[in-house]
Amino acid sequence: MKCLSLIVLLIILLKGHCNEQYCEIDDADNCKGRDEGYKYTKVSNEKYKKYIEAIDEAERNYVECNATRCECYKNIIIRDLKPFKKNGISKELIDIAKTRGTFYQIIGGKLYREKDCMFPSRCAGIEHFIFKIIDSLTDMDLVINTRDYPQSNKHFGKPLPILSFSKTPQYYDIMYPAWAFWEGGPAISLYPRGLGRWDKHRQLLDKTSKDIPWDKKKEKVFFRGSRTSSERDNLILLSRENPNLIDAQYTKNQAWKSDEDTLHAPPASEVPLESHCAYKYLFNYRGVAASFRYKHLFLCRSLVFHVGDEWTEFFYDAMKPWIHFIPVPKDATQTNLKELIQFAIDNDALSEKIANRGRDFIWHKLRMKDITCFWKKLLQSYGKVLSYKPILDQNLIQIERK
């Protein structure tokens, strides 16, 4: 009888142990309960109460969006076109907006553009996606901003129908998927023609992340980037005081003149995206506008610390703080940063869970077909708001499919 009791006890213990194992990330059918296995320790529950409560609340309120027909992002299109819904987009508005972007026309299934494009590779990235959907579009005039910064400020004049890749809530601009999904992303020595080709980066980063699973990653924060914003300074300075905890350094940018531009330290070498996957914790900061590296970091299956919430791209709102990433205030002090980092370290299983959810979202809901789908829904909806029939501008050139 005693032997039987010991066997039963052993079975219960083994069953409990198996239930706590984290399942394979792509095994959706067997992973429905994978997020339920993590239990906070008494120590972490007391020390990090505010973070744990934030995560609990986020999980209670989170409803996963449906990626079918890019449904995750439809609210962005509705929101951005709302200022033009009542009176429509008139030719007068387009004429005013022309000075703030590149003017395009779609007429009879053909694409036309003003001759000069400020950033040719960016225009090429935009045109790649338009050509994929052009046969499903009505005639329309478009002003597409290829600059980094949005153009239609809510505090200066009426809404202008300008398409921009990124904005803050202070702008009316209509968001479109950035050119950098295909071509013309930020150019650095490692990527002289820009990041580009999201489809290729996805495959490369996915392979790299499988080669460096969570338990093989360095338990360390990693960041490389130029000093485009002082918001990054505290992490860099904290890294210098805590090199065993953080590896965060400034690289050169185009404006670099001396070590003073990198907080009085020699500039670090640039690091390829796949090398980021060696670390458990990755920080993302905005640049001049939203950061192009953001989506790439998640595919490392590393925990992303996303700083600030003002600058967004079209897919940001579908990703939720504490569900897919750790939110960090843009004015976080060194003390704030260190506490958040230590929370992630002390709650390793929870950090892995958030990292995996972030990766799952980007992998399954930000595919190239989702980008194309968003372009299609956006321009079809935009065409319905246009209040006049466009006439071909003879000063434009026809863009040929490549």
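Modeller: Here are a few terms, each set against its cut-off. This is a predicted model, where local features need pLDDT of at least 70 and side-chain atom pairs count only at pLDDT 80 or more, while totals for chains, interfaces and linings use all residues. Residues are numbered from 1 along each chain as its sequence is written, and side-chain values use heavy atoms, with hydrogens and water left out.

Colleague: What makes Cys65 and Cys72 a disulfide?

Modeller: A disulfide is a pair of cysteine sulfur atoms within 2.5 Å. The sulfur atoms of Cys65 and Cys72 are 2.0 Å apart, and a search of the whole structure finds four disulfides.

Colleague: Why is the disulfide of Cys65 and Cys72 called right-handed?

Modeller: Because the torsion about its S-S bond is about 85°. The link of Cys70 and Cys373, at -65°, is left-handed.

Colleague: Why is Cys70 called buried?

Modeller: Buried means under 20% relative accessible area (exposed is over 50%, partly exposed in between; 1.4 Å probe, protein chains only). Cys70 has 3%, so Cys70 is buried. Cys72, at 12%, also counts as buried.

Colleague: How do you know that the span of helix α10 agrees with its number of residues?

Modeller: Helices are DSSP runs of H or I with at least four residues, numbered from the N terminus. The expected span is 1.5 Å times one less than the number of residues. For the 13 residues of α10 (residues 334-346) that gives 18 Å, and the end C-alpha atoms are 18 Å apart, so the two agree. Among the buried residues of α10 are Leu337 and Phe343.

Conventions:
Helix = DSSP H or I, 4+ residues; strand = E, 2+ residues; numbered from the N terminus.
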